[in-house]
Amino acid sequence: MNVSQTTFHDALLDANKSIPGGLVDAQANAAGRRFSVYRNNVAVSLTEAMHQAFPVIAKLLGSQNMDGLAGIFLRQHPPTSPLMMFYGDEFPAFLEGMEQLSHLGYLPDVARLELALRRAYHAADCQPIDPEALSVPPEDLMRAKLTLAPAATALRSEWPVHAIWLFNTEDGAPKPEAGAQDVLITRPEYDPAPQLLPQGGAAWIARVQNGQNIGEAFEATMAETPEFDLGTTLALLLQGGAITSVTIERLDT
Amino acid sequence: MLDNALRSNRLPAAPGVGYKPQHFSQILEHAKPVEWLEIHAENYMGDGGRPLAQLRHLSEQFPISVHGVGLSIGGETPLDPDHLARLKHLVGWLNPASFSEHLAWSTHDSHFLNDLLPLPYTDATLTRVCDHIDQVQGVVGRQMLLENPSSYLAFEESTWSEPDFLREITRRTGCGLLLDVNNVFVSATNLDFSPQGYIDAYPLDKVGEIHLGGHDEDEDDHGHPLLIDSHGREVVDPVWALLDYVLDKSGPKPVLIEWDTDVPDWPILRAEAERAKSALDKIPA
């Protein structure tokens with residue numbers, strides 16, 4: 001009996017499916033437990049990949065719960081690429097859909113933060129600008145357009161996602177308090193670091209990344225979030241080496 | 001069939017180890033007797049950051065072997081062109097001393113299963129694997145080495161022995177072979193054949209690299225030993241003895257220690273490399 005890879009694949013991911021016939025030991029007995037080695041390899045290696053990818057989620061849930069959740073996730077969303085470093089893109093949405101976890105509403109955004117950290121770790125290298133490049137008259141600064149580093153990402157969460165991340169990764173970090181947070185991820189050299197942004201910071205960065213100049217993005221952000229602090233946001237970007245070019249359009253005279 | 005000019009395996013006939021980032025500093029300080037390093041290609045397919053920076057640094061001091069684990073050469077579906085392009089890019093950038101992949105499949109229906117899955121040794125598989133190897137060697141522009149798998153079961157439909165199957169692949173494609181001696185021992189134990197008999201039938205003249213690794217011990221439903229290729233511990237004595245048997249027949253070869261799970265501290269991995277060096281040193285001239 002021939003065993004197609006479709007049959008093999010389906011039985012690997014679903015332990016309720018019978019083991020394909022045509023797979024045997026040296027005495028021509030049905031493979032039985034021998035097939036389970038492959039089932040186990042797939043499940044264990046992908047579960048391990050999920051633990052590595054989402055250490056804070058694993059800590060928040062507990063290791064055993066993470067194993068169980070990863071077991072469901074990996075069957076619904078097997079990797080679609082051999083680049084395991086990027087496995088788990090669908091995990092935040094998967095967490096959102098888990099009714100049993102609805103009392104932990106912050107989990108999806110924590111997972112988004114962990115995904116962003118991993119992407120930043122593998123992002124392309126770049127040369128940050130000399131901070132002096134932004135020491136220009138205010139009217140020039142407001143006309144400046146910025147290019148951000150590939151590793152730079154900003155997130156907005158209705159949850160204190162930065163505080164939750166910090167509390168679970170650093171000894172002595174303060175207990176998270178309720179409230180929305182904007183987070184900036186940069187990679188100054190090789191180690192990505194999340195920084196707390198002023199309120200409105202993520203929206204402003206998204207506008208700059210979409211090509212608005214500093215002033216346009218500032219006005220639009222202030223209209224939504226009057227307490228937005230541009231100076232602090234720019235300082236965090238500079239400290240994180242996250243600005244790679246500045247273009248100041250000349251005014252027509 | 002591969003052009004002779006592309007046969008460029010330049011690994012030294014000396015011990016190497018599978019590179020783990022936690023050993024970076026110690027390798028730079030105290031590598032001996034390790035003379036070369038192997039990386040899993042897929043771990044270096046990001047755009048930048050520490051992995052590529054470390055690799056660039058190491059490649060200035062050590063010959064590097066690029067070992068793919070995700071190409072799915074035995075897959076029934078076409079090779080992933082994006083993945084082939086990434087491999088071409090990595091090999092082009094690094095110009096490694098060797099490039100290898102597995103006689104296995106891992107991708108089906110766009111799902112990557114993160115394991116090396118087994119193939120029936122039939123004429124149909126042979127044709128498909130050879131077509132894929134021709135394609136890989138054409139795109140990457142290099143000879144590749146093909147590694148024998150660890151087997152936990154057999155396919156009723158198989159009509160070829162594994163050594164004959166591998167020999168025929170090398171004849172048709174011009175690829176070389178990566179002989180995993182632990183895999184031979186694991187498969188021989190699991191499927192009741194003689195590991196020495198396997199080596200006697202195996203085309204040792206095509207071997208560009210040897211792998212050694214640790215395995216776990218289990219049992220099947222009938223109480224038969226079932227060894228599992230885990231790369232998580234020391235190489236066992238019977239596998240070292242099988243290495244001696246191979247080297248006695250093949251002469252010196254590059255010998256790699258693989259340790260991928262529960263990765264030990266550098267001195268323990270180095271000690272395994274020392275043992276490989278002893279095996280190489282005692283080959284009669």
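Tutor: Two residues are in contact if their C-beta atoms, placed from the backbone, lie within 7 Å. Keep that cut-off in mind for this predicted model.

Student: How many residues does the contact take from chain A and from chain B?

Tutor: Chain A gives 41 residues and chain B gives 38 residues.

Student: Which elements give two or more residues to the side of chain A that touches chain B?

Tutor: Four stand on that list: α1 (5-13), β1 (23-24), α2 (33-53) and α6 (107-122) of chain A. The largest share, nine residues, comes from α2(A).

Student: What is the make-up of that side by class?

Tutor: On the side of chain A that touches chain B, 24 residues are nonpolar, twelve are polar and five are charged.

Student: How does β1(A) pair with strand β8 of chain B, parallel or antiparallel?

Tutor: Look for bridges between the strands. β1(A) and β8(B), residues 154-155, pair in the antiparallel sense, over two bridges. In one of them, L23(A) has F155(B) as its bridge partner.

Student: Now chain A by itself. What does its secondary structure come to?

Tutor: Eleven helices and six strands.

Student: Why is chain A called more spread out than a compact globule?

Tutor: Compare the radius of gyration with the globule rule. For 253 residues the rule gives 18 Å; chain A has 24 Å, well over that, so chain A is more spread out than a compact globule. The C-alpha trace of chain A spans about 90 × 40 × 30 Å along its principal axes.

Student: What percentage of chain A is buried?

Tutor: Buried residues are 39% of the 253.

Student: And what share of the contacts in chain A with a separation of 6 or more joins residues 24 or more positions apart?

Tutor: Such pairs account for 62% of those contacts.

Terms used
Residues numbered from 1 in each chain as written. Chains lettered and ligands numbered in written order. Predicted model: local features only at pLDDT ≥ 70, side-chain atom pairs only at ≥ 80, totals over all residues. Nonpolar A, V, L, I, M, F, W, Y, C, P; charged D, E, K, R; others polar. Pairing = 2+ DSSP bridges. Rg over C-alpha atoms; globule rule 2.2 N^0.38 Å. Buried ≥ 20, exposed ≤ 12 C-beta atoms within 10 Å, placed from the backbone.
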